[in-house]
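Subject: Structure handover

Hello,

Here is the structure for your files. My notes on it follow below.

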Amino acid sequence: MLDKGKLHKGKRLLAIAVTSLAATAAQAQTELTMYYPVSVGGPLTQVVDGMIEQFEQQNPDIDVNAIYAGNYNDARMKALAALKSGEPAQLSVMFSIDVHELKDLDAIVSFDDVVETDEERQWLDSFYPALMENGKVDGTTWGIPFQRSTIVMYYNKDMFREAGLDPEHPPQNWDELAEMGQKLVKKDADGNVERWGAMIPSTGYPYWMFGALAKQNGADLMNSAGNETYFNKPEMVEALQYWKDLGSKYNVMPEGTIEWGTLRQNFLEGKTAMMWHSTGNLTAVKNAADFDFGVAFLPAHKNFGSPTGGGNFYLFKDATPDERRAALKLVRFMTSPEQAALWSKDTGYMGVSPAAYETDILKQYVAEFPPAAVARDQLEYATAELSTHQSGRVRKLLDDAIQSVLNGQAEPQEALDSAQNQAKRILSRY
Amino acid sequence: MKRLSWLHAWLMLLPALAMLMAFTHIPALTTIWHSLFYPARGSEPEEFAGLDNYRMMLDDDVFWQALNNNLWYALVTVPASMVLALAMALWVNGKIRGRSALRLAYFTPTMLPMIAVANIWLFFYSPEIGLFNKVLGWFGVAGINWLGDTDWALPSLMLMTIWKEAGFFMIFYLAALQALDRDIYDAAALEGASRWYRFRRLTLPLLMPTTLFVLVNAVLNAFKLVDHLFILTKGGPNNASNLLLYYIYENAFSFFDANYAATLTVVLLAMLILLALLQFGVLERRIHYR
Amino acid sequence: MARFTHALSTSAAWLLGLLWILPLLYAFWASTHPAEYATRFDLFAPLTGEHFVTAWNQAPFMRYMLNTVIITGLILTFQLILCTLAGYALARMPFRGRGLVFALVLLQLMVMPEILIVENYRTLSMIDLIDTHIGVGLPYMASAFGIFLLRQTFKTVPQELEDVARLEGCSRLGVLWKVYVPLAKPTYLAYGLVSISHHWNNFLWPLVVTNTESSRPLTVGMAIFGAPESGVDWPVICAGTLIAIGPLLAIFLLFQRRFVQSFMYAGLK
C-alpha cells in the first residue's frame with residue numbers, strides 16, 4: 001500500500017528522471033564541424049548556410065558548424081590543420097582531386113565503411129558515374145559529389161550576330177573555334193584589339209583547362225590509381241600546341257596567361273566573345289549579363305570532352321560512430337535530389353544525380369533556361385580531373401609547363417617532357 | 001643589493017628572452033634539424049634523409065628562379081622606395097602647397113592591408129578592362145598583359161611593393177629632417193652654398209643613420225612581403241614572379257612538405273643572418289659614437 | 001629658372017601624391033557606384049550604398065574586426081610590457097653577458113617571425129594554440145625592434161633622475177614606471193602606431209594559424225572573401241576594404257601630427 005508520502009516521493013523521482021532525461025537528450029546532440037571552399041562567383045556561402053539551417057530544422061539532434069575556408073587549397077589546409085591539432089572536423093567538402101593525398105595522409109574513411117543498410121549502399125550508386133571517377137579508388141567510394149562542374153563554353157550571341165555568325169551554332173570543333181574566333185575579333189583604328197574571339201583562362205587551374213583539350217584529343221592525363229601521368233603523349237603535345245596557336249597563330253586569344261579570376265568580368269564587359277569557364281559561374285553570369293548569351297559544349301577535336309571538377313564530400317577518420325552516422329545523414333541531405341536541384345539552380349553547379357534533374361525545380365528551371373542542362377549533357381563525354389599522389393606538386397609541374405608554353409618560353413614538347421619526367425620522379429614512390 | 005642586481009636584470013629580461021627563444025632562436029635551429037628528414041607519410045615517423053633535401057633543392061629549377069627573382073626584387077624595390085621616400089620627405093618637409101594633404105596621401109598605402117588592396121591593383125593591371133591599359137590606350141599604345149606576361153609579372157609586383165613601402169619610409173626621413181639643426185643650414189646659406197650642394201654635403205650625411213635604418217628594413221621587407229602574390233600572380237606565370245617565402249609557404253601548406261619547406265627556410269635564414277652580421281658591423285660603430 | 005624648377009617639383013610631388021592615393025580613390029569610386037561602373041568612369045553615374053550592404057552581409061566583418069582588435073591589442077600590450085622590462089635591463093643594468101644578450105635580441109630584427117612560419121606552426125600545434133587569438137600573437141610578443149627602441153630611449157634619460165628617485169626609496173620597477181616610462185612617451189606612441197599598423201595588416205602568419213571565424217582577422221577574412229578564384233567582384237571587394245580600413249584610417253587621421261612628432265622624439269633618425 002502506498003502512502004501519500006511515498007507517492008509524493010515517487011512523483012519527485014519521476015520529475016527528476018524526466019528532467020535528467022531531457023538533459024541527456026540535449027546532451028545527445030551530435031555536433032558536426034565541416035569545412036567547405038568556394039571557388040566561383042556569387043554569394044554561395046549564404047546558399048550553403050541556408051541548406052545547413054534547413055538540415056538542422058529537420059534534425060534537431062544534430063548541430064552543424066559549417067566553416068567557409070576560402071579556396072580549395074585553403075579548405076584542405078584548414079581542415080587538415082584542425083584535425084592535426086585535435087579540433088573536431090567530421091566531414092568536409094574538399095577538392096575532388098585530393099583523394100589520393102587524403103588517403104596517403106590517412107585522414108579519411110571510405111563511404112563503404114560507413115554505410116550500413118542496402119538502401120544506403122544503393123545511394124552510393126545514385127550519382128552520375130562521371131562524377132564518381134574522382135571519388136572512387138579501386139572500386140571504393142571515398143568522395144561523394146557535391147559542388148561539381150564541368151567546363152563549358154559561354155558565348156555572346158549578340159556578338160555572333162554582329163559578326164554574321166549563327167548565334168545558335170557555336171563552334172563544334174577546334175577548327176571552327178579558330179575560324180569563328182577570328183571573325184569575332186574586333187580591332188580599333190590603331191590596330192589594337194578591342195574584343196577577342198575567345199579566352200581560356202590559364203592561371204588558377206590551367207591543368208584543368210588542359211585536361212579538357214587533352215580529352216578532346218582523346219587522351220587522359222593520368223591513370224586512376226594516381227601514380228602515373230601521361231603529360232608528354234603526342235595527343236597532349238598537340239593539344240598544348242593548339243592552345244598556344246589560338247593566341248600566337250590564329251590570334252583569337254591574347255598571348256601570355258589569362259587570369260581566371262577576372263575572366264568572367266571580361267566576358268561580361270564584352271572583351272571576349274567566348275570564354276571557357278566552370279559551369280559553377282553560370283548563375284553569376286546569368287544575373288549580370290546585359291546581353292544575350294549562350295552556353296555550349298566545349299568544341300570537339302577527336303570527340304567532345306571536359307574534365308569534371310569541383311568539390312566532394314569526404315568523411316574524416318577521427319570521429320565517433322554517432323558523429324559518423326550524423327555526418328552521413330548530412331551528406332545524404334546535401335546531395336539529395338531536392339537540395340542538389342536547389343543548389344544547382346542557385347549556383348550553376350551540376351545536379352549531382354539523375355534524380356536531381358527529375359525534380360520539379362530543375363525540370364522547370366531547365367525548361368526556362370536550357371543552358372542549365374549543358375553541363376549535365378556534357379557529362380557523357382567527361383573524364384576525371386587530374387588527380388594523383390602529391391597532387392599539389394604534380395599539378396604545379398603541369399601548370400608551369402602550360403604557362404611557359406603560352407608565354408613562348410618553351411615549345412610544347414620540351415615543356416611537357418620536362419613536366420612528365422619530374423612527375424615520374426615524384427610518383428615513383430607510389 | 002648590488003649583488004642582486006644581475007639577478008634583477010635577468011628577471012626583467014626573462015619574459016622577453018623566453019619568447020624570443022621560443023619563436024625565433026629555437027625554431028631557427030629546429031628548421032635545420034627538420035631539413036634533414038623526409039616528410040612523414042600518414043602516421044609513420046619521419047625518416048632521416050641526410051642532405052637529400054638539399055640535393056633536391058639544388059636540382060629544383062623553381063628554387064633557383066625564386067631566389068633569382070627575390071634578389072632582383074630586393075635590388076629594385078629597396079633603392080627605388082628609398083629614393084622616393086626621401087623625395088617625399090623633402091617635399092612635405094618644405095613649404096609646399098597642401099603639405100598635410102600630401103603627407104597623408106603618401107602615407108595611405110602603409111595603412112591599407114596589402115591583401116585587400118592587391119585586389120584593386122588586380123583591376124589596375126587587368127589587361128582588357130584595367131586602368132593602366134586604358135590610360136595607355138588614350139595614348140594609342142597597345143596594352144600590356146601585366147601579370148600574364150613572364151617579362152612583366154615581376155616588375156608589376158615590384159611597382160606595387162614600391163608603392164606600399166615608400167610612404168612608410170618617408171615617415172622616418174621626415175622625422176629625421178624635422179630634427180635637423182636649422183642653424184647649420186642658415187650658416188651654409190649665408191656662405192652662398194647652392195641648394196644641391198647643401199643637400200649633398202649636409203642633408204644626406206646627416207640623414208645617414210636614418211638611411212641605414214630604412215635600408216635594413218627595406219631589405220628585410222623584400223624577403224618577407226609576399227602578401228600580394230596570393231592575389232595577383234600566385235608566383236606565376238611559370239614562376240616568373242615567385243619569391244622565396246611564397247615558395248616556402250606553397251611547399252609547407254599546399255604540398256604538405258614541411259621538410260622541404262624547412263630546407264628552403266634554411267637558405268633564407270642563412271642569407272638574413274649574413275645580412276645581420278654585416279649590419280652589426282655597421283650598427284656597432286653607430287652605437288659607439290652615440 | 002628657380003621658379004620653374006619649383007613649379008616642376010611641386011607638380012611632381014602632386015602627381016606622385018595622386019598616384020599614391022589612386023587605389024583608395026578607386027575603392028571609393030567602385031564601392032559607391034553600381035557594378036556596371038566598376039571599370040568605367042562617368043561623372044554622372046548614380047550613387048549607391050548597396051555594395052556596402054552586400055559586403056557586410058557576405059562576411060562577418062564585425063567578428064573579423066573584433067578578432068583583429070583583440071589580436072592587435074594583445075600583441076601591443078605584451079610588446080609594451082616585455083620590451084619595457086628588457087629595454088630597461090639592457091640600458092641601465094650592467095651584468096655579465098649583456099652584450100651577448102643584446103646581440104641575441106637584435107638577431108630577431110633580421111630573423112623575423114614571418115620567415116619561420118613553418119616551425120612556428122609546428123610549435124603552435126604542439127601546444128594546441130592553432131586557431132586562437134593568443135596563437136596569432138605569440139611570435140610577435142617579444143619584439144627586438146621594440147626592445148632596441150626603448151633601450152635607446154632609456155639611455156638618454158639622465159642617470160641622476162634615477163639616482164634621486166632611488167634615494168627617495170623607489171624600487172627599480174618603481175623608477176622604471178615613474179621616471180623612465182613617462183619620459184619615453186613619444187617612443188611608445190611611435191612604436192605603438194607602427195605595431196598597430198603592422199599587425200592590423202598582417203596576413204601570412206594569421207592565414208597559416210587561423211582556421212575559423214573565431215580567430216580569423218580582417219586580412220585573412222578579406223583574402224577569403226575577395227579571392228580571385230571566385231571571380232573578382234570589385235565593387236563589393238572595395239566596399240569590404242573600406243569597411244576594413246576605416247578604423248585604422250580614423251586613428252591615423254586623429255594622430256597624424258602627433259605621429260610624426262613622436263617619431264622625431266623617439267630617436268628614429
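In this predicted model, the axes of helix α4 (residues 98-110) and helix α7 (residues 144-155) of chain C come within 8 Å and cross at roughly 125°. Axes are lines fitted to C-alpha atoms, for helices over the stretch in contact, and angles run from 0 to 180 degrees between N-to-C directions. Helices (H or I, at least four residues) and strands (E, at least two) are DSSP runs, numbered from the N terminus.

On the α4(C) side, Val105(C), Leu106(C), Gln108(C) and Leu109(C) meet Ala144(C), Phe145(C), Ile147(C) and Phe148(C) of α7(C). Contact here requires C-beta atoms, placed from the backbone, to lie within 7 Å. This helix pair brings together 7 nonpolar residues, 1 polar residue and no charged ones. Ala, Val, Leu, Ile, Met, Phe, Trp, Tyr, Cys and Pro count as nonpolar, Asp, Glu, Lys and Arg as charged, and the others, Gly among them, as polar.

Next, the chain interfaces. Chain B puts 73 residues in contact with 68 residues of chain C. Of the chain B side, α1(B) supplies the largest share, 18 residues. That side has 57 nonpolar, 13 polar and 3 charged residues.

Between chains A and B, the contact takes 26 residues from chain A and 23 residues from chain B. Elements giving two or more residues to the chain A side are α3 (72-84), α11 (260-268) and α17 (391-406), and α17(A) has the largest share with 5 residues. By class, the chain A side divides into 4 nonpolar, 14 polar and 8 charged.

Chain A itself has 18 helices and 13 strands, and its C-alpha trace spans about 105 × 50 × 35 Å along the principal axes. Of its 430 residues, 55% are buried (20 or more other C-beta atoms within 10 Å of the residue's own, with C-beta atoms placed from the backbone).

For chain B, an unreviewed UniProt entry lists residues 67-279 as "domain: ABC transmembrane type-1"; such annotations may be inferred rather than shown by experiment. The span is 77% helix and 0% strand, with its end C-alpha atoms 21 Å apart.

Residues are numbered from 1 along each chain as its sequence is written, while chains are lettered from A and ligands numbered from 1 in the order in which they are written. Local features need pLDDT of at least 70 and side-chain atom pairs count only at pLDDT 80 or more, whereas totals for chains, interfaces and linings use all residues.

Regards

Conventions: Buried ≥ 20, exposed ≤ 12 C-beta atoms within 10 Å, placed from the backbone. Contact = placed C-beta atoms within 7 Å.
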